Amino acid sequence: MSTVTQHNHPDTPENAAGTADVIALERAEIRSWKAPVAFAIFTVIGILLFIVIGRDGISTFRLSTGSDVIQLPTIPFPARATGVVIVILLAAITAWSFTLSRAAKATPLWAIAVFGFLFVVGFLVWASAGSTLPVAGLLIGTLGISVPLIFGALGGVISERVGVVNVAIEGQLLAGAFVSAVVASITQMPLLGLLAAMVAGMLVSFVLAAFSIRYLVDQVIVGVVLNVLVTGLTGFLFSQVLSANPTLLNSPPRLERINIPVLSEIPVLGPVLFRQTIIVYVMYFTIAAVYIGLFHTRWGLRLRSVGEHPQAADTVGINVTGTRFWNVSLAGAIAGFGGAYLTLGAVGAFNKEMTAGAGFIALAAVIFGRWDPIRATLAALLFGFATNLQNVLSIIGSPVPSEFMLMLPYIVTIVAVAGLVGRVRGPAAAGKPYIKS
Amino acid sequence: MRNRTRKAAFAGLAIASVGVLLAGCSAAPEEEEGGEAATSDFLPCMVSDTGGFDDRSFNQLGFEGLQDGAEAVGSEYTEVESTSDADYGPNIDNLIAQDCNLVVTVGFNLAAATVEGATANPDVNWSIIDDTADLDFDGATDAENIKPIVFDTAQAAFLAGYASASYSTSGIVGTYGGQNFPTVSVFMDGFAQGVDYHNEQNGTDVSVLGWDREAADGTFIGTFEAGTESLSAATNLIDQGADVIFPVGGPIYQSAGQAITDANAANPDAGIVLIGADADLFESDPTFEDLYFTSVLKGMKVAVAEVVEGAGNDEFDNTPYLGTLENEGVGIAPFHNYEDQVADTLQGELDEITASIISGDIVVESYLAE
């Protein structure tokens with residue numbers, strides 16, 4: 001990255017008007033080569049993968065699921081020819097991006113999106129040469145894996161925006177999964193389980209809030225300790241109590257999938273978005289609510305002010321401690337609700353450590369998403385997509401070794417964080433206890 | 001004052017966490033009475049891997065074997081669970097400190113810790129499940145006081161693969177594993193060989209998804225937890241038309257069961273079934289009893305019980321135990337609810353194949369077969 005300060009030519013009409021304008025006309029230009037260089041690297045990868053070691057055969061994309069009313073035809077792609085076309089397009093975008101950077105203009109976001117989309121399509125065609133790729137199934141699985149991550153990330157966004165670093169997302173998810181399974185199993189009412197999951201997540205948050213806000217303990221350390229505590233506690237109860245009587249305590253009824261009329265028949269998107277359990281519909285609502293709430297309501301303004309500059313907030317009469325406490329609790333309730341998806345929405349019974357690190361990925365999504373609920377959701381979806389992609393590709397017989405494929409979600413996340421996000425700035429007061437002086 | 005409260009409160013939280021962690025998952029081994037009063041100094045002990053003794057799979061089976069063996073010789077026993085890979089060494093040391101004279105370690109992840117413990121404690125007898133404790137790959141166990149217990153599960157999975165190919169109406173069967181470990185892939189490989197054999201013998205064209213014999217690689221979800229990864233792996237297999245699903249790796253079958261339940265509900269004619277690994281899931285976890293086609297059995301319980309009993313009677317030896325169809329160390333479970341849905345001739349064919357594998361007429365390849 002190079003910063004070029006350009007002085008305007010002295011004989012432009014504006015300068016002729018008066019010397020006072022000269023300072024205003026000085027322009028700092030940032031010439032960023034990050035986008036074109038990244039494009040170039042991916043174009044080279046594309047040339048190597050799609051052309052040099054290209055694969056022959058037809059790759060068929062199946063867009064509809066078997067139970068759709070509107071059946072879309074499958075789309076056949078001749079693997080090598082598609083690869084060549086895509087590489088040409090990638091090269092064109094790269095060249096264009098270089099000229100933009102030379103002219104000190106930023107590459108627009110849509111160009112990055114188009115480039116990414118083309119590369120992914122190229123990769124899919126290459127990897128599935130000679131077989132059928134179930135596009136709808138790929139996307140359905142993506143959402144399924146992403147749901148707990150999205151809830152966790154939303155909880156993380158709220159908590160960090162109000163100034164408390166939330167490392168305990170993993171613990172909140174796990175507590176939600178455990179309590180929802182037990183409550184739903186005893187009462188045989190899954191909705192009650194959802195409620196209990198929120199309470200459980202909230203209780204974990206209470207501990208986090210109490211120690212970090214009241215007792216000013218380092219928030220990261222409390223979060224880590226809480227994760228260990230919840231893992232140990234649920235593991236202990238699972239081994240000692242749930243395993244003794246699984247029929248009563250650990251066989252919750254699962255939530256039914258609800259097909260939304262009309263919407264669920266939209267080709268491709270219908271089965272993915274609108275044939276889900278109530279948890280997923282609540283998720284859509286929560287994403288919107290958190291976004292609007294944070295950026296367009298008084299609650300959100302107060303919350304962010306407490307996270308950015310608690311002293312200023314205090315000066316104008318906002319109760320910093322109270323705001324932090326209740327919003328951290330809210331964050332816990334959201335994450336706990338997401339944990340219920342693991343049991344009531346997906347697997348049914350509770351399993352020891354069943355979150356398997358989802359909370360930490362959610363934490364990464366918060367940062368990758370720059371503490372913005374929509375971006376964090378997209379980050380979680382990206383991780384879910386990469387995870388399910390490696391799975392689908394290994395089933396249809398991709399030429400990439402499984403160990404490498406298992407790294408794919410993490411590589412994608414690292415590349416995305418490093419390449420697309422770069423330097424990020426979180427809420428200024430996150431992680432710092434507020435001491436009223 | 002405030003500072004002191006804070007410290008005290010935080011210390012309380014930290015202690016509570018550690019306490020719960022220890023109580024729940026490691027250390028604090030319980031000593032339990034055997035069937036009768038202890039008659040000797042013999043104390044068999046067991047260390048689990050991170051799956052824990054309630055995994056409804058190989059840790060649990062091994063532990064039941066320990067209980068049975070201890071009961072048979074009338075001794076007490078001690079077990080300890082590991083919550084992370086870092087626990088293996090300390091857990092083994094704790095058991096040695098409690099005067100255990102037979103230590104059974106469960107899983108090949110414990111191989112290094114077991115060899116280390118065995119070398120340091122030559123007067124203690126050791127046994128390891130699912131590994132030959134041959135870290136230097138010279139073809140022999142690294143310490144003379146270790147008895148490896150291994151199972152050639154490919155033989156049993158071969159039978160399950162043959163039966164699946166016979167059952168499948170879609171002509172596609174699928175398998176996936178937790179991680180690409182030899183003890184996992186041996187199931188998948190044997191399964192694929194069984195399907196191939198069915199194709200050869202009956203002129204069928206059943207294909208296996210999730211395992212590629214030539215590449216020795218397949219579909220792995222990267223975890224041994226039943227979560228969303230396992231669910232989507234099973235769903236993806238079903239999307240590709242598989243009507244027999246064989247998940248290998250502890251509790252991951254639970255997610256597969258849910259995926260199959262959903263798919264069968266959406267399409268009642270699909271008739272998708274599940275195959276269990278290690279234990280007969282029909283007995284150990286009846287949640288999905290309508291889905292279990294069969295299970296590939298690994299006779300860990302019996303094998304461990306025999307080793308414990310032998311050691312208790314001062315008859316410990318270090319000859320590796322290899323479970324095969326011949327010694328009934330491996331096998332397949334009955335079809336249970338699917339008894340009347342399989343071809344009438346299938347059981348007869350399976351019996352013949354079993355005999356041929358034992359006699360060596362059919363060679364099932366695996367990393368354990370000579």
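What is the order of the strands in the open sheet of 6 strands in chain B? I looked this up and read β8-β7-β11-β12-β13-β15, with mixed pairing, where two strands pair if DSSP finds at least two bridges between them, and where helices (H or I, at least four residues) and strands (E, at least two) are DSSP runs numbered from the N terminus.

I note that this is a predicted model, in which local features need pLDDT of at least 70 and side-chain atom pairs count only at pLDDT 80 or more, while totals for chains, interfaces and linings use all residues. Residues are numbered from 1 along each chain as its sequence is written, and chains are lettered from A and ligands numbered from 1 in the order in which they are written.

Sheet, chain B. I found the edge strands to be β8 (207-209) and β15 (330-332), each pairing on one side only. Inside the sheet I followed β7 (172-177) and β11 (244-248), which pair in the parallel sense over 4 bridges, and I saw Gly177(B) opposite Val248(B) in β11(B).

Helix pair, chain A. I checked α3 (34-52) and α4 (79-102), whose axes come within 9 Å and cross at roughly 165°; axes here are lines fitted to C-alpha atoms, for helices over the stretch in contact, with angles from 0 to 180 degrees between N-to-C directions. That makes α3(A) roughly antiparallel to α4(A), the term for angles over 145 degrees.

Chain contact. I recorded 45 residues of chain B in contact with 45 residues of chain A, contact meaning C-beta atoms, placed from the backbone, within 7 Å. The largest share of the chain B side, 12 residues, comes from α1(B).

Definitions and conventions
Contact = placed C-beta atoms within 7 Å. Parallel < 35°, antiparallel > 145°, perpendicular 65-115°, else oblique.
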